Amino acid sequence: MAARLAAAVHVQHPHTREWVVLEPGDEPPRELAGEITNPGAWENGVLPEDGDEGEDGAPPFGFVPAEPSTPEPEPEPQRRRKTATT
């Protein structure tokens, strides 16, 4: 038997990035169930088995890996200019 939701949740589909609303009693597909990490959202407070990370190994919601890049050179310090006194 698949895991059922005990509360309504809003999740972003991992492939289409569309927001999906799931109602209490729904049995979400694996790709959406993996996005719901709050144990309070599931019946009996038990998260479903984490057998599927997604076909493309997508990172969890909200995590965007940084692209490798060359670091920017630090600016050279500038000398303070004295203010003119009159």
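Guide: Burial comes first: a residue is buried under 20% relative accessible area, exposed over 50% and partly exposed in between (1.4 Å probe, protein chains only). In this chain of 86 residues, 16% count as buried. The model is predicted, so that local features need pLDDT of at least 70 and side-chain atom pairs count only at pLDDT 80 or more, while totals for chains, interfaces and linings use all residues. Residues are numbered from 1 along each chain as its sequence is written, and side-chain values use heavy atoms, with hydrogens and water left out.

Visitor: What is the mean pLDDT of the chain?

Guide: pLDDT is the predictor's confidence in each residue, from 0 to 100. Its mean over the chain is 79, and 74% of the residues reach 70 or more.

Visitor: Which elements does the chain contain, and in what pattern?

Guide: Elements are DSSP runs numbered from the N terminus: helices (H or I) have at least four residues and strands (E) at least two. Here there are one helix and two strands, following the pattern β-β-α along the sequence. Among these elements, strand 2 has the highest mean pLDDT (93) and helix 1 the lowest (89).

Visitor: In which sense do strand 1 and strand 2 pair?

Guide: Two strands pair if DSSP finds at least two bridges between them. Strand 1 and strand 2 pair in the antiparallel sense, over four bridges; Val9, for one, has Leu22 in strand 2 as its bridge partner. The hairpin has six residues between the strands, and Arg17 takes a positive phi near 65° there.

Visitor: Which residues make up the largest nonpolar core?

Guide: In soluble globular proteins, nonpolar side chains tend to be buried together. A nonpolar core is a set of buried Ala, Val, Leu, Ile, Met, Phe, Trp, Tyr and Cys residues joined through side-chain atoms within 4.5 Å. The largest one here has nine residues: Leu5, Val9, Val11, Leu22, Leu32, Ala33, Ile36, Ala41 and Trp42. Strand 1 and helix 1 (30-33) are the elements that give two or more residues to this core.

Visitor: Is His13 buried or exposed?

Guide: His13 is buried, because its relative accessible area is 13%. This residue lies in the loop between strand 1 (9-12) and strand 2 (19-22). Contact means heavy atoms within 4.5 Å; not counting residues up to four places away in sequence, His13 touches Glu18, Val20, Glu31 and Leu32. A polar atom of the His13 side chain also lies 3.1 Å from the backbone nitrogen of His15.

Definitions and conventions: Polar contact = N/O pair within 3.5 Å; in protein donor to acceptor, adjacent residues only side chain to side chain.
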